[in-house]
Amino acid sequence: MICRRPALSRLTLLAGIACAAPLAAQEAPAGPASSDDIARKLADPGAALISVPFQYNYQGSVGPGGDVHNQQLKIQPVIPFVGENGKFILRPILPLSWNQFPEDKHGTGDLFVQGYYIPKTASEAHGTEVGFGFAALLDTASHDSLGTGKYSLGPAFIVVHKTQKWTVGALANHVWSVGGDSDREDVSSTSVQPFLTRNLPQGWSLSFTSETNYNWKADSGDAWTVPLGATVSKVLRLGHTPVSIGVGGFYNVDRPQYASRWTARMMVTLVFPE
């Protein structure tokens with residue numbers, strides 16, 4: 001069964017979220033932030049910093065012969081809400097895909113939303129923060145091959161330790177399908193994203209990360225996806241607006257049989273500091 005849904009409404013929704021992000025309520029000190037400060041906050045997924053990352057992934061060596069390629073653009077605004085006792089970080093991610101495998105299709109994928117509550121600590125700039133929340137996968141794909149056909153929900157967690165030069169931590173979540181197309185396979189998936197970032201002078205940063213996933217519904221040989229990779233990025237200023245630009249690469253040390261062997265990545269992040 002092929003499901004086609006208009007993509008315009010979903011793109012309009014994400015565009016609205018991105019444009020509304022600078023209006024999210026925050027309490028921040030006055031004065032412009034330095035490039036180093038912004039780079040450190042961008043390395044921290046729990047930072048109270050409004051940003052709109054655009055992440056382009058070129059996925060190489062896909063399919064039975066490893067001779068086709070998929071492309072994906074992820075629009076992933078980060079919207080913090082800060083209160084007296086802590087902060088809530090909302091992180092929606094909408095993928096736009098141009099696939100050759102498993103079908104030659106392009107369009108929107110499933111909207112993935114994470115939300116974390118992080119209790120207030122003595123210092124956000126240094127030390128350890130731990131948060132908890134939810135993850136939701138929504139059936140917004142414009143074609144069956146671009147999504148799961150299910151609505152899925154589960155818990156999410158974040159832990160981050162920060163020093164002046166290093167940011168280390170992990171995001172984790174698990175989702176189970178709770179509704180959707182009864183003809184599609186149920187979802188039960190665990191994701192863990194450890195990261196280690198070295199903060200460098202003049203707005204540079206170097207990150208090592210993985211986006212490991214385990215599919216509990218897949219056969220044992222196709223359950224793990226374990227990419228290892230690194231990215232380098234720099235915070236620039238276009239007029240008074242900070243922008244982070246980065247590039248990176250990943251190799252799947254374990255993967256489903258027909259998944260991509262490697263990924264090349266380019267990132268552009270719009271930043272809206274107070």
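His-174 is placed in strand S9, which covers residues 166-180; helices (H or I, at least four residues) and strands (E, at least two) are DSSP runs, numbered from the N terminus. The model is predicted, so local features need pLDDT of at least 70 and side-chain atom pairs count only at pLDDT 80 or more, while totals for chains, interfaces and linings use all residues. Residues are numbered from 1 along each chain as its sequence is written, and side-chain values use heavy atoms, with hydrogens and water left out.

His-174 is classed as buried because its relative accessibility is 12%; buried means under 20% relative accessible area, exposed over 50%, and partly exposed in between (1.4 Å probe, protein chains only). Apart from neighbours within four places in sequence, His-174 is in contact (heavy atoms within 4.5 Å) with Leu-153, Gly-154, Pro-155, Ser-188, Ser-189, Thr-190 and Trp-216. The C-alpha atoms of His-174 and Ala-135 are 7.3 Å apart, although 39 residues separate the two in sequence.

Two polar contacts involve the side chain of His-174: one with the side chain of Trp-176 at 3.1 Å, and one with the side chain of Ser-188 at 3.3 Å. A polar contact is a pair of N or O atoms within 3.5 Å; within protein, one must be able to donate a hydrogen and the other to accept it, and residues adjacent in sequence count only if both atoms are side-chain atoms.

## The chain as a whole

The protein contains two helices and 15 strands. Of its 274 residues, 44% are buried. Among contacts between residues at least 6 apart in sequence, 57% join residues at least 24 apart.

## The nonpolar core

The largest nonpolar core has 15 residues, and those with the most contacts inside it are Phe-112, Tyr-116, Ala-135 and Ile-158. Strands S4 (86-99), S6 (111-119), S7 (127-138), S8 (150-162) and S9 each supply at least two residues of this core. Such a core is a set of buried Ala, Val, Leu, Ile, Met, Phe, Trp, Tyr and Cys residues joined through side-chain atoms within 4.5 Å.

Not counting residues up to four places away in sequence, Phe-112 touches Arg-91, Pro-92, Ile-93, Ala-135, Ala-136, Leu-137 and Asn-173.

## Aromatic pairs

The structure holds five aromatic pairs. Rings of Phe, Tyr and Trp (its six-membered ring) pair if their centres lie within 6.5 Å; planes under 30 degrees apart count as stacked, over 60 as edge-to-face and the rest as tilted. Tyr-58 and Trp-262 form a tilted pair, at 5.9 Å centre to centre and 35° between the planes. This pair links distant parts of the chain, with Tyr-58 in strand S1 (residues 51-62) and Trp-262 in strand S15 (residues 262-271), 204 residues apart. Tyr-58 is partly exposed because its relative accessibility is 26%, and Trp-262 is partly exposed at 32%.

The pair of Phe-101 and Tyr-258 is edge-to-face, because the ring planes lie at 75°, with the centres 5.8 Å apart. Phe-101 is in the loop between S4 and strand S5 (105-108), and Tyr-258 is in the loop between strand S14 (241-254) and S15, 157 residues away. Phe-101 is partly exposed, with a relative accessible area of 22%, and Tyr-258 is partly exposed as well, at 36%. Elsewhere, Tyr-214, Trp-216 and Trp-224 form one aromatic cluster.

Strand S10 (residues 188-199) and S12 pair in the antiparallel sense over four bridges; two strands pair if DSSP finds at least two bridges between them. Tyr-214 in S12 is the bridge partner of Thr-190. S12 also runs antiparallel to S13, joined to it by two bridges, and Thr-225 in S13 is the bridge partner of Asn-213.

Gly-221 lies in the loop between S12 (212-215) and S13 (224-238). Is Gly-221 buried or exposed? Gly-221 is exposed, because its relative accessible area is 51%. Beyond its neighbours within four places in sequence, Gly-221 is in contact with Arg-255 and Pro-256.
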